Amino acid sequence: MTSLLATDNVTAGRLAADALAVAITRTYADTEGEVVMITSMPGVASLDQRGKGFKEVVSTKYKALDITADKVADGKPATVLAIMKDIIANAADLRGVFVSDPVMTQVVSQAVAEKKSNDKINIVGVGSDEKLIKLLQDDVIAGLVVEDPFRMGYDGVKTALAASKGEQVPANIDTGATLVTTANMSSARSQELLKPKVK
């Protein structure tokens with residue numbers, strides 16, 4: 001293999017941890033309480049790396065946040081919905097959830113929206129689609145860590161062409177991840193990531 005182009009998923013998890021801490025601080029005026037992690041399925045390297053980055057930042061920067069659950073589901077939305085409802089029912093001080101993929105972020109948002117208490121549970125997810133953008137606009141989700149598929153494609157073609165000509169190419173190319181929140185979602189950069197113009 002000549003070069004690997006990918007999002008640095010550990011960095012994506014770190015971004016999510018910072019975003020969740022900021023959202024909790026904004027909601028509660030302190031950075032403490034219970035947070036949980038939900039991964040849609042076991043054994044997926046990108047999801048595991050996001051979780052690793054998230055845990056690393058919480059344990060070193062936000063010591064008053066307590067990761068009380070690190071749940072791995074079976075890839076089925078119904079399972080994640082049941083897990084999240086169970087967590088909500090049994091958590092004393094749940095203030096945030098990190099979800100490592102877009103589909104399960106929607107499911108977690110549904111469970112949080114259906115809860116009985118008025119306590120705010122901040123959600124940060126990875127990925128984006130129209131439903132997630134709407135949930136972000138409606139302040140159901142605090143933040144989305146978004147990848148850049150156009151850069152992946154562009155850099156992929158550019159790197160393949162260079163390699164085919166025998167030129168030296170980097171072994172690893174990080175195509176980046178960007179945190180999108182309600183504060184920056186209308187920026188030009190956020191808009192091009194959330195609503196790419198396909199010609």
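pLDDT is the predictor's confidence in each residue, on a scale from 0 to 100. The structure is a predicted model. Across the protein chain, pLDDT averages 84. A score of at least 70 is reached by 79% of the residues. Strand E1, residues 4-6, has the lowest mean pLDDT, at 51. Strand E4 has the highest, at 96.

The strands were examined next. An open sheet is built from six strands, in the order E3-E2-E4-E5-E6-E8. The pairing in this sheet is mixed. Strand E3 (65-72) and strand E8 (177-180) stand at the edges. Each has a single partner strand, so one side of each is left without a neighbour in the sheet. From one strand to the next, the twist averages 15 degrees. E2 and E4 pair in the parallel sense, and five bridges join them. Met 37 stands opposite Phe 98, a residue of E4. Helix H3 packs on the sheet. H3 touches E2, E3 and E4. The direction of H3 makes about 170 degrees with that of E2.

The largest nonpolar core has 29 residues. Ile 38, Met 84, Ile 87, Val 97 and Val 108 have the most contacts inside this core. H3 supplies the largest share of the core, six residues. Met 84 illustrates the packing. Residues up to four places away in sequence are not counted here; Met 84 then touches Ile 38, Leu 94, Val 97, Val 108, Ala 111 and Val 112. Another core, of 20 residues, lies apart from the largest one. Its members include Leu 20, Val 57, Val 58 and Val 126.

Charged side chains were then considered. A search of the whole structure finds eight salt bridges. One of them joins Asp 70 and Lys 55, with the closest N and O atoms 2.7 Å apart. Asp 70 lies in strand E3 and Lys 55 in helix H2 (residues 45-61), so this pair ties together parts that are 15 residues apart in sequence. Asp 70 has 36% relative accessibility, so Asp 70 counts as partly exposed. Lys 55 is also partly exposed, because its relative accessible area is 38%.

A second salt bridge is formed by the side chains of Glu 114 and Lys 85, at 2.8 Å from N to O. The two residues are 29 residues apart, and the pair links distant parts of the chain. Glu 114 sits in the loop between H4 and strand E5 (122-126), whereas Lys 85 belongs to helix H3. Glu 114 has a relative accessible area of 38% and is therefore partly exposed. Lys 85, at 39% relative accessibility, is likewise partly exposed.

The side chains of Lys 134 and Asp 138 also meet in a salt bridge, at 2.8 Å from N to O. Lys 134 is partly exposed, because its relative accessibility is 47%. Asp 138 is partly exposed as well, at 42%. Elsewhere, salt bridges share partners. In this way Asp 30, Asp 93 and Arg 95 are joined into one network.

Terms used
Residues are numbered from 1 along each chain as its sequence is written. This is a predicted model: local features need pLDDT of at least 70, side-chain atom pairs count only at pLDDT 80 or more; totals for chains, interfaces and linings use all residues. Side-chain values use heavy atoms; hydrogens and water are left out. A nonpolar core is a set of buried Ala, Val, Leu, Ile, Met, Phe, Trp, Tyr and Cys residues joined through side-chain atoms within 4.5 Å. Buried means under 20% relative accessible area, exposed over 50%, partly exposed in between (1.4 Å probe, protein chains only). Helices (H or I, at least four residues) and strands (E, at least two) are DSSP runs, numbered from the N terminus. Contact means heavy atoms within 4.5 Å. Two strands pair if DSSP finds at least two bridges between them. Axes are lines fitted to C-alpha atoms, for helices over the stretch in contact, and angles run from 0 to 180 degrees between N-to-C directions. A salt bridge is a side-chain nitrogen of Lys or Arg within 4 Å of a carboxyl oxygen of Asp or Glu.
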